[in-house]
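Hi everyone, thanks for coming. Have a look at the model on the screen while I talk, and keep the sequence open beside it.

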Amino acid sequence: MSRLWGYVARYRLRLAGGIACLIGATSLTMSVPLLFKRVVNEIGAGQGMAGVAPILGLIALIAVAQGVVRTFSRFMIFNVGRDIEYDLRNDLFAHLERLPVAFYQERRTGDLMSRLVNDVTAVRMLLGPGILNFINTPIYYAYGLSIMLSIDARLTVGALAGYPLALYVVKRTSAMLMERSTHVQEGLAELSSRVQENLSGIHVVKAYASEDHEIRDFAALNATFREASLRLARVRGFVGPVMSVVGGIGTLVVLWYGGWHVIQGRLSVGDMVAFIGYLNLLAWPTMALGWMLSVLQRGRASMNRLNELFAIEPAITSPHDATAPATCRGEIELRGVTFRHGGPLGTAAALENVDLVIPAGRTVAIVGRTGSGKTSLVHLLPRLFDVDAGTVLLDGRDVRTLPLGWLRKNVGLVPQDPFLFSRTIRENVGFAATPNGVDPVGWAVTAAGLDRDLADMPRGLETVVGERGITLSGGQKQRVTLARVLASAPRVLILDDALSSVDASTEREILDRLRDFFDQRTTILVAHRITTVKEADLIVVLEQGRVAEVGDHGTLLAKGGLYADLFREQSLEVELEAV
Amino acid sequence: MSDEAQVEGKAYDARLLARLWTFVLPYRRGFWMAFLLAVVNLAFALAQPLLLGRAVNVAVGGDFARLSFWGFTFLAIVVGEFVSNYWQQYLTMVVAQESLADLRVAVFARLQRFPMRFFDENPVGKVVSRVTTDVDVLTEMFSAGAMTIALDVMKLAGTVGAMLWLDWQLALVSLVMMPVLVFAIDYFRRMARHTYRAIRERIGRINGYLQESISGMSVIALSAYEARAFEEFRALNADHRDANHLSNKLEAALFAMVEAVSTVSVAAMLLWAARQHAADALTLGVVVTFISYLQQFFVPIRDFSAKYAVMQSSMTAAERIFGLLDLELEPQPTTPHVPAVVRGEIVFEHVWFAYRGEDWVLRDMSFHIAAGERVAVVGATGSGKTTLIKLLDRLYEVQRGRILVDGVDVREWDVAALRRRIAVVLQDVFLFSGPVIDNITMGHPDITREQVEAAARHVNAETFIRRVGGLDAHLRERGSNLSGGQRQLLAFARALVHQPAVLVLDEATSSVDPETEWLVQDALEKLMAGRTSVIIAHRLSTIENADRILVMHKGELREQGTHRALLAQNGIYAKLYRLQYAAGEGPAARVAAPT
């Protein structure tokens with residue numbers, strides 16, 4: 001909770017202002033029944049309009065003043081809640097940005113979303129309406145009780161006799177409400193995972209024509225959920241009527257007991273009016289008590305869930321004292337590198353004691369069967385993951401000592417699975433573009449072989465892709481992703497099987513266009529198309545996380561080892577593709 | 001189905017409410033009962049200030065007996081109000097829950113009959129929220145929206161009526177502030193319509209942005225885009241906050257204004273009352289009654305903003321739900337073909353198919369599979385093998401040409417009859433959480449437990465089923481407590497128990513342990529016996545044992561014949577054979593990876 005107070009402290013002045021206004025507004029409100037009492041008594045005493053006009057004028061003034069002050073009190077306090085919600089969400093987002101890829105492999109997107117959306121909302125409810133009612137209720141009670149007691153102590157006790165009952169009911173039902181609404185929430189979650197499962201397996205449902213069964217099953221689950229909802233409704237529907245009956249009992253006491261006192265001449269009709277007025281004013285804060293309890297509980301639980309997220313230390317960060325080198329040559333070295341997924345104690349090593357030098361400006365191909373560690377190797381270079389043992393060096397410096405932003409700007413990785421944001425193609429490509437005099441986006445889309453595709457789209461570069469736009473084919477997505485990295489003009493360019501969905505001749509064409517670009521930088525190609533690999537300066541063959549063979553195409557082929565095997569298989573594939 | 005894009009922010013749409021009403025109709029007795037109780041409740045609520053006034057008058061007159069009489073009456077009314085109030089709220093919720101449960105089932109049932117294309121185009125998460133979240137929003141409309149607003153209007157009218165009846169002059173004076181209030185509420189409503197809509201749109205944008213950035217965080221990291229992404233997020237977040245600041249101001253002003261107007265109205269009333277009372281034209285009791293009425297009068301108006309927001313989001317939710325209900329279902333022929341016996345003869349006649357536009361996945365496919373024939377389909381990744389299966393089961397419609405089963409176009413078949421006679425077993429076996437037996441029968445009640453046991457035994461699944469706890473044991477989601485081989489066997493049992501005429505199988509590539517492998521092979525052999533089988537083959541034994549092999553390449557049928565004949569031909573098949581079956585496991589797994 002201390003983190004929460006930190007946020008609250010930022011807005012303490014406005015919050016204090018809001019609370020001051022709230023106290024002022026409520027004080028004004030609470031004075032009104034007392035004034036009505038005087039008016040009624042004056043009327044009872046036979047005063048005409050002239051007699052009561054001054055007090056009524058005062059009441060009207062108070063009403064207007066109260067309206068103005070209350071407006072301020074409410075929006076000032078609620079706005080602070082919104083401001084803190086805003087800060088909290090920004091901080092969470094910034095924190096998420098610092099967490100490494102490994103974190104996202106373990107967490108479900110839905111869970112993170114619900115923290116940033118639902119939990120932040122629950123905290124905001126605690127701060128806005130929560131604070132308001134927390135302050136308001138005691139003020140109402142303080143004024144109400146003291147004024148009522150000063151009029152008639154016994155009548156006060158009688159009129160409020162129902163309130164302890166109300167409190168008891170609220171307290172009892174809030175526990176029941178909590179329990180039953182948990183059931184409803186669980187039921188809803190079960191319903192949605194049921195629908196989720198059904199839709200994911202809809203092909204099987206259709207294949208066995210078991211739609212009717214699925215509907216029956218769902219209907220049964222739905223009925224259970226409906227019952228849970230009704231159980232909740234039975235309790236929830238109780239609170240409102242109990243509160244109005246408590247108010248009614250209060251009025252009854254005032255009517256009966258108060259009326260009797262009026263007959264005895266010990267109480268005025270004005271006093272009765274005042275009493276009924278105060279009973280009315282106290283009804284809402286009393287009802288709000290139970291509600292506040294649940295808001296408090298929910299808010300605290302949610303803040304804990306947020307703190308849990310904040311407590312996760314970013315594993316891969318820029319070192320504090322890192323200085324960016326003036327230039328990047330692009331020489332890469334791996335020294336005794338061992339890497340496991342899931343950290344040092346994780347699964348079998350993806351890379352085991354790998355030593356490798358990639359000279360600056362060369363084109364290197366990495367080949368190997370599925371699972372041999374190719375992707376793991378290239379992920380270490382821009383520090384998507386860190387090694388478990390050994391060192392990865394760029395221009396002779398451990399990558400962990402370089403500023404992260406600088407490293408990633410200079411090491412451009414085109415990943416296997418293309419990911420596009422639902423924005424325009426221009427934005428997707430220009431994401432990290434390095435302005436270099438010419439138009440980097442225009443150049444990159446041409447280099448990535450997208451120019452023809454774009455010509456077919458009426459809006460060209462301004463075409464929106466993804467969920468809110470058109471769906472691109474797998475090959476198109478890969479080429480947009482390639483263009484994105486090309487536009488950033490990194491010194492080290494890594495293509496991690498990045499053109500696998502692009503047909504062979506288009507790949508050829510793209511690589512030809514990029515020849516000059518490759519010549520000026522270190523290029524690492526993870527590929528399985530033999531034509532791509534063949535021309536590399538150096539070919540690295542990985543097998544089960546180790547470097548099995550290194551050499552150029554001719555040497556490796558002559559050696560008759562793993563590379564030669566792969567070459568044979570792939571030649572067949574190429575032949576097939578060509579048929 | 002776009003979420004917030006086309007929403008106009010209406011809080012009231014007669015067309016949508018009329019459609020919702022069709023779901024309430026079966027529970028109309030409960031609905032009208034609740035309505036009746038609401039009227040009774042209203043009468044009780046209106047009676048209380050009246051009684052209070054009477055009591056004040058008798059108290060002023062010093063008549064204790066009469067005071068007691070009014071006291072008892074008041075007590076009775078308080079109790080009556082409690083009862084009617086509770087039952088009205090409860091019945092409303094019953095009607096809401098019952099009718100919305102029906103709506104939920106209607107949406108779900110509808111979903112089951114949508115064509116596969118729908119599921120290709122719409123992410124599961126979005127569709128799920130139509131059935132859950134959106135329907136839930138409508139529940140709120142019952143409890144805090146439409147019904148409440150109707151009752152509020154009645155309450156306001158009732159109060160005005162009672163006051164007019166008591167003393168029309170005093171009533172008119174009491175309502176002197178009403179024009180101001182009406183003007184204010186109308187202003188609020190117009191402002192709120194845009195503001196609330198903006199809030200919902202903006203939170204939608206925040207959620208969309210979050211969803212996307214969380215999924216694409218590695219791209220953000222690799223592009224060193226963190227600072228700018230943060231700036232973009234912050235801007236969206238700020239937009240949302242600003243819209244909320246505005247709505248806070250509006251709501252605060254409305255809330256405070258209603259309270260002020262209420263007090264001023266009482267003051268105005270008292271001013272006139274003083275004159276009338278001094279002239280002996282008004283009792284003190286009526287004054288007290290009026291004070292009480294006026295205090296009741298303004299409460300519903302004060303809470304207007306919350307109800308408005310509920311109505312607005314309900315209309316949006318209803319719009320989306322009905323939008324879904326209005327989508328077209330899988331086509332079903334007018335006189336569906338339901339034969340008594342299915343032989344299992346399959347003919348493709350010049351079939352062309354594309355998932356999108358003219359990106360042909362199958363081009364001019366023609367072949368004939370005789371009943372009882374065993375056919376293997378081979379081809380590289382992307383050659384269209386999986387699509388073939390989907391078309392056979394009529395999960396998609398062909399664009400050109402036709403597919404005949406037993407000489408009848410699949411479009412003329414009853415969809416369910418066709419699918420039940422064609423058993424499809426995919427590589428990635430989909431299991432549902434729930435009992436093992438349900439995963440085998442797929443819920444068909446005509447399949448007996450004995451049949452299930454026999455089928456399980458026949459396909460060698462009996463032993464492991466017993467080991468996991470028998471047919472009634474629960475499987476976890478996706479059957480994650482079973483091994484790959486076990487899932488295969490279960491899928492075989494599922495296929496067998498439906499006694500299909502045609503078995504369509506996408507053979508698993510992932511190698512299982514030798515023992516299970518033997519069980520799978522043996523089971524497959526039994527499963528194929530005596531029926532037409534079409535198998536996307538990944539195992540050497542399968543192609544060698546096939547009566548005929550169809551070789552698919554780039555969406556076309558390029559070669560067909562027996563294993564030996566095709567090898568001798570030394571064409572595509574020969575290459576594929578060397579690549580996938582003769583060159584070891586590694587590349588085979590890759591080349592034939594599921595598409």
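A word on the source before we start. This is a predicted model, so local features need pLDDT of at least 70, and side-chain atom pairs count only at pLDDT 80 or more, while totals for chains, interfaces and linings use all residues. Residues are numbered from 1 along each chain as its sequence is written, and chains are lettered from A and ligands numbered from 1 in the order in which they are written.

Let's take chain A. It has 21 helices and ten strands; here helices (H or I, at least four residues) and strands (E, at least two) are DSSP runs, numbered from the N terminus. The radius of gyration of chain A is 36 Å, well over the 25 Å that the globule rule gives for 579 residues, so this chain is more spread out than a compact globule. For that number, the radius is taken over C-alpha atoms, and the rule is 2.2 Å times the number of residues to the power 0.38. Along the principal axes, the C-alpha atoms of chain A fill a box of roughly 120 × 60 × 50 Å.

Of the 579 residues in chain A, 46% count as buried. By that I mean 20 or more other C-beta atoms within 10 Å of the residue's own; exposed is 12 or fewer, partly exposed is in between, and the C-beta atoms are placed from the backbone. Now contacts, where two residues have C-beta atoms, again placed from the backbone, within 7 Å. Taking the contacts in chain A between residues at least 6 apart in sequence, 78% join residues at least 24 apart.

On to chain B, with 24 helices and twelve strands. The box for the C-alpha atoms of chain B, along the principal axes, is roughly 120 × 60 × 45 Å. Buried residues make up 47% of the 595 in chain B. For contacts in chain B between residues at least 6 apart in sequence, 80% join residues at least 24 apart.

So how do the chains meet? In the interface, 116 residues of chain B are in contact with 115 residues of chain A. On the chain B side, α10(B) gives the most, with 30 residues. By class, that side has 69 nonpolar, 28 polar and 19 charged residues. The classes are simple: Ala, Val, Leu, Ile, Met, Phe, Trp, Tyr, Cys and Pro are nonpolar, Asp, Glu, Lys and Arg are charged, and the others, Gly among them, are polar.

Please zoom in on one helix pair there. The axes of helix α2 of chain A, residues 12–44, and α10(B) come within 10 Å and cross at roughly 10°. That makes α2(A) roughly parallel to α10(B), a label for angles under 35 degrees. The axes are lines fitted to C-alpha atoms, for helices over the stretch in contact, and angles run from 0 to 180 degrees between N-to-C directions. From α2(A), A:Val32, A:Phe36, A:Val39 and A:Ile43 meet residues of α10(B) including B:Val266, B:Leu270 and B:His277. This helix contact has eight nonpolar, two polar and no charged residues.

B:Leu270 comes up again in the core. Which residues touch the most other members of the largest nonpolar core? Among its 343 residues, they are B:Leu270, B:Val377, B:Phe492 and B:Ala493. Helix α10 of chain B, residues 226–278, supplies the largest share of this core, 22 residues. A nonpolar core here is a set of buried Ala, Val, Leu, Ile, Met, Phe, Trp, Tyr and Cys residues joined through C-beta atoms within 7 Å. Beyond four places in sequence, B:Phe492 is in contact with B:Val425, B:Val459, B:Ala461, B:Ala523 and B:Leu527.

Last, two residues with positive phi. A:Ala209 has a phi of about 50° although it is not a glycine, and it is found in the loop between α8 and α9 of chain A. Is A:Ala209 buried or exposed? It counts as buried, with 21 C-beta neighbours inside 10 Å. B:Asn570 has phi near 55° and lies in the loop between α22 and α23 of chain B. With 9 C-beta neighbours inside 10 Å, B:Asn570 counts as exposed.

Thanks, and I'm happy to take questions.

Note on methods: Parallel < 35°, antiparallel > 145°, perpendicular 65-115°, else oblique.
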